[in-house]
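Colleague: I've just opened this one and could use a hand. Can you walk me through how to read it?

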Amino acid sequence: MSRRRALVLVNAKSGQADLAIENALGIMKRGLELRLEEMPDGSDLRSIICGAARTVDMVVIGGGDGTLNLAAPAILESGLPLGILPLGTANDLARTLGIPPDPEAAARIVVDGHLRRIDLGEVNGRPFFNVASLGLSVEVARHLTHEVKRKWGKLGYAVTTLRVLQRMRPFSAEIVIDGRAHKVRTVQVAVGNGRYYGGGMVIDAEAEPDDGWLDLYSLEFESLWKLALLYPAFRSGRHGIWREVRTERCKEVEIRTRRPRPVNADGEIATQTPAVFRILPKAVSVAAPVHPPEV
């Protein structure tokens, strides 16, 4: 019986040591026939993944959430199952799926071959795994440099957020859900597909990547430093109990702003407002633990 064939793309700029990557590849070689490729940029990523669809059985991406986001359109188009080696700083999709942060343990999950069918979010036609948002998160993404990540690790998200808050101001937006328009003053609107984003923040405590729903929140604070008090609630996904936090569960939502504002998807600037967000149910298959750990 022939072994499964896997296209393996590893982001050489990831935060993991070369030894950890080599060990993970060694584990996968025991159960898979590997085709190793350098991680390309932009459209080349699509051409490599889609071009390999007839010759491999899955694609394994080694990198963080940004790398996975760049690969999402090609994963969706090719129909190939996805394996994840979490080599980034946050690895929020891996955490949502119960994939351990250790690359060697993650490699064993890829070899085991158990697949979980999960949803994708989509904003203006651009797919995303974790969350798409506008406002505060866009400024955080712009200022969260490789140097900050290297120095602070996951704590870099909190450090950068505190710096950005010093000059952030609320903006006006219109949120349209099921034909109902809500006019708000907000500092951030986020629309999530999975559970985790932003280095371990929780979009909703009950969110699952295969539940067929998008989870939205809007931070409608006038005093932005009050957000610091909200931090523990965001780590547990209980921020919806605050009066200043609007939450909705939906299949589709449109967000309009007076002037076009950039929209961040999984840490990458993907599009701008007006933005239509949709759920793509059971869109991709991902190698995941049979019994994810309790969170």
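Colleague: Let's begin with two helices: is the crossing of H1 and H5 right-handed or left-handed?

Modeller: One caution before that: this is a predicted model, where local features need pLDDT of at least 70, side-chain atom pairs count only at pLDDT 80 or more, and totals for chains, interfaces and linings use all residues. Residues are numbered from 1 along each chain as its sequence is written, and side-chain values use heavy atoms, leaving out hydrogens and water. Now, a crossing is left-handed if the near helix is turned anticlockwise from the far one by less than a right angle, and right-handed if clockwise. The crossing of H1 and H5 is right-handed.

Colleague: And at roughly what angle do the axes of H1 and H5 cross?

Modeller: Two packed helices are described by the angle between their axes and the distance between the axes. For H1 (residues 18–29) and H5 (residues 103–112), the axes come within 8 Å and cross at roughly 20 degrees. H1 and H5 are therefore roughly parallel to each other (angles under 35 degrees count that way).

Colleague: Is Asp266 buried or exposed?

Modeller: Buried means under 20% relative accessible area, exposed over 50% (1.4 Å probe, protein chains only). Asp266, at 7%, counts as buried, while Asp178, at 68%, counts as exposed.

Note on methods
Axes are lines fitted to C-alpha atoms, for helices over the stretch in contact, and angles run from 0 to 180 degrees between N-to-C directions. Helices (H or I, at least four residues) and strands (E, at least two) are DSSP runs, numbered from the N terminus. Angles under 35 degrees count as roughly parallel, over 145 as roughly antiparallel, 65 to 115 as roughly perpendicular and the rest as oblique.
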